[in-house]
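Trainee: I am new to this structure and would welcome a close look at its salt bridges. Please take me through them in one connected account.

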Amino acid sequence: MDLFGPIISAAPQLLDPAVMLAMVVGTAVGIAVGALPGLSATMGIAVLIPLTFSMSPLVALGMIAGIYNGAMYGGSIPAILLRIPGTPAGIATVFDGHEMAKQGRARLALDISLTSSSIGSAVSALALLFLAPPLAAVALQFSPADYFWLALFGLTTISVLLADNPAKGFLSACLGLILGMVGIDGLTGTERFTFNQLDLLSGVDIIVLLTGLYAIPPALELMLDGNAVAKGNLELGGKREKFRWRTLIPVWIRSSVIGLVIGLIPALGGNIAAILAWNEQRRATPEKDKPNYGKGMPEGLAAPECANNADTGATLIPALTLGVPGNAVAAVILGALLVHGLRPGPELFRDNADTVYGFMLTMLVTAALMYIIGKLGARAFINVLRLPPRLLGPMILALTTVGVYAVHNSMFEVWMMLGFGLLGFIMERLSIPTAPAVLAVILGPMAEESLRRALLISRGDATYLVASPISWVLVALIVLTLLTPLWRRLRAKKAPPAPGAA
């Protein structure tokens, strides 16, 4: 009863009309924020906090939970329909989601995304409710050396497995590593690659890079060539496609676990959870189906959407129990707790049990609300593709410009976004994947800082890097990933020629 008592005590608070209205409004706003390229859950919650000063804590937290869950799903809408991830976590959704839309399966893609997102959010909320203290202890077992190998594993996985040509994948990752070094060195405080520009002291903002590489090239293609609808490749009408939903159950289970684990580890987040889940789903698929990923596989869409939503509640576990935010959104939510007089840490569960467990329950309720609102809005979402492509392209450019300018009120970042957009357009024409570059900007600084911190702790002893079992497991996974292209090449050489081949 120590666990169920506070939950039962907090549940009636959710029946308050003000709390229910806050959750509904927050979820709808979150979906809208996520669907707008350049905006994010962090920005939506940060804008909301000053408006919650006069609200009761649970009303404010219920609206925040709705925005958080809704934005994670909302980012998949433009990713599927326009090949533009609305949020950083929507990068992997583009791989198979937009290909399904081009095949005339946009409605099914939106249904899979919505269902997978709702399941991931619900699993994450249940983990937050029942597993917060023990799961937080798992995250504390990671040393700086483990963080280094984890970041390296993420970089090698996406560079090798995503690109048809691993050399092009590593080239893209190297570009991201260089961009990740821009700004002030976190350990020494020295400036690196800033070229005396004050706007570069804080580094390259991930929203600027993401919007440039993923929003501008599709907008240019819409204006130059039109989109899938204009070319007759996408049918918006018709009846719903029959689909065997039970085939996705193993995908949801695997991706939920990945999202929970990644959410526990600070500085990672939903974007990394989504990409790793996509890679692991592809790895777990029979060899004959592997080439279909990136070409419209429903499993390739369900995996990242489930994982990036399973990350939401997990990131709050170390934030609420230890006061250590797992990502930027968790940090903003900690700020909201402090604004309402709630201090994160073990005493939060002792002194404000009703409020904190009520907040956890709102994460679960808003997962269900997200499904309902998403179902009601699906027909409206898909109609965006009826817009003339030469009108839609400039609208996307205008929207992304306003969104990026709103981040820091900086025209410098707007010009930087346009520069990254041109670079992304060229990379696509050369068949160089952009996902490794984005992931490298996120993981590169983490790998560098963790490596340097590990060497400082060990006073230069390199054996410290492989001192823990976690490090050995991650090193083994990296080696397997690097050997995968060689193994494929050997299998291709040994394969018998096709019947009838000369």
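**Salt bridges in the model**

Mentor: K102 and E99 form a salt bridge, with their closest N and O atoms 3.6 Å apart. The term denotes a side-chain nitrogen of Lys or Arg within 4 Å of a carboxyl oxygen of Asp or Glu. This is a predicted model, in which local features need pLDDT of at least 70 and side-chain atom pairs count only at pLDDT 80 or more, while totals for chains, interfaces and linings use all residues. Residues are numbered from 1 along each chain as its sequence is written, and side-chain values use heavy atoms, with hydrogens and water left out.

K102 and E99 are 3 residues apart in helix α6 (residues 91-102), and therefore about one helical turn separates them. Helices here are DSSP runs (H or I, at least four residues), as are strands (E, at least two), and both are numbered from the N terminus. An α-helix has 3.6 residues a turn, so residues three or four places apart point the same way. K102 is partly exposed at 35% relative accessibility, and E99 is also partly exposed, at 23%. In these terms, buried means under 20% relative accessible area, exposed means over 50%, and partly exposed lies in between (1.4 Å probe, protein chains only).

The structure holds 7 salt bridges. Another of them joins R452 to D185, whose closest N and O atoms are 2.9 Å apart. R452 belongs to helix α21 (residues 435-457), whereas D185 sits in the loop between β1 (183-184) and β2, so this pair ties together parts that are 267 residues apart in sequence.

E448 is partly exposed, its relative accessible area being 24%. Through shared partners, salt bridges join D185, R192, E448 and R452 into one network.
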